[in-house]
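Student: I'd like a close look at one part of this protein, taken residue by residue. Could you pick a spot and walk me through what surrounds it?

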Amino acid sequence: MAILDATLKLLETTPVPQISIESIAREAGVGKATIYRWWNSKAAVVIEAFLQTHLSHTPMPKDVSPREALTRHIHLLVEEYSGWSGRIVSQIMAEGQSDPDVLREFRERFWYGRRAVVREVVEEARRKGELRSDLEPELQMDILYAPIYFRLLMRHLPLDKKFADEHCATIMQMLAPAETQAAAAPPKRRKLA
């Protein structure tokens, strides 16, 4: 759709707070009323334009175990957020701190849907004994994904393959069932008298 394409083009060079319905309409060659017929706010248009590209670049793998699917998804997300998508998401989340409507749009149009997909995989991993079952799935999802968003927002350290590898190895070990953790632990050394 021309409106979403125009929004994506604007997002390449313009920060989210500086984009307006007027600038989107001008870029798309349509009237503001046309945009408002489909979306109720600038945030809704920006988020939908973002989703148009983001979801196709970060699918949840289907042909592997749930644990492997989560690992691959985290790698895809880190790679995606290290570039353009990360800049857009961080700007949307930042704008949402002073505008509750933006954060609501982000949660409703992006966050809840993606979280439902991840929850399905987490619950399957729990059923198959790939993740521990003594923690709530919501907490497990936060543990898996929060460090990515923290690095995205704080920019104190890079979102790169090294981080994705280390994060997945560490978190998957922490979320593994107790018997798996025990099997992976190095043997204890006996003290010699």
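Tutor: Let's start with glutamine 91, which counts as buried because its relative accessibility is 16%, and the cut-off for buried is under 20%. Keep in mind that this is a predicted model. Glutamine 91 sits in helix α6, which spans residues 84-98.

The largest nonpolar core has 54 residues, and the ones touching the most other members are Leu70, Tyr81, Leu144, Tyr145 and Ile148. Helix α6 is among the elements that give two or more residues to this core, along with α1, α2, α4, α5, α7, α8 and α9. The top contributor is α4, with eight residues. Take leucine 70 as an example: beyond four places in sequence, its contacts are Met60, Val118, Val121, Val122, Leu131, Leu144, Tyr145 and Met172.

For contrast, look at methionine 154 in helix α8, residues 137-154. Methionine 154 counts as exposed because its relative accessibility is 52%, and exposed means over 50%. Together with Phe150 and Leu153, Met154 forms a nonpolar surface patch with about 310 Å² of accessible area.

Notes. Residues numbered from 1 in each chain as written. Predicted model: local features only at pLDDT ≥ 70, side-chain atom pairs only at ≥ 80, totals over all residues. Heavy atoms only, no water. Helix = DSSP H or I, 4+ residues; strand = E, 2+ residues; numbered from the N terminus. Buried < 20%, exposed > 50% of the residue type's maximum accessible area, 1.4 Å probe, protein only. Patch = residues over 30% accessible without salt bridge, like charges linked within 9 Å, V, L, I, M, F, W, Y side chains within 5 Å. Areas by Shrake-Rupley, 256 points an atom, 1.4 Å probe, with all protein chains shown as cover. Salt bridge = Lys/Arg side-chain N within 4 Å of Asp/Glu carboxyl O. Core = buried A, V, L, I, M, F, W, Y, C linked by side-chain atoms within 4.5 Å. Contact = heavy atoms within 4.5 Å.
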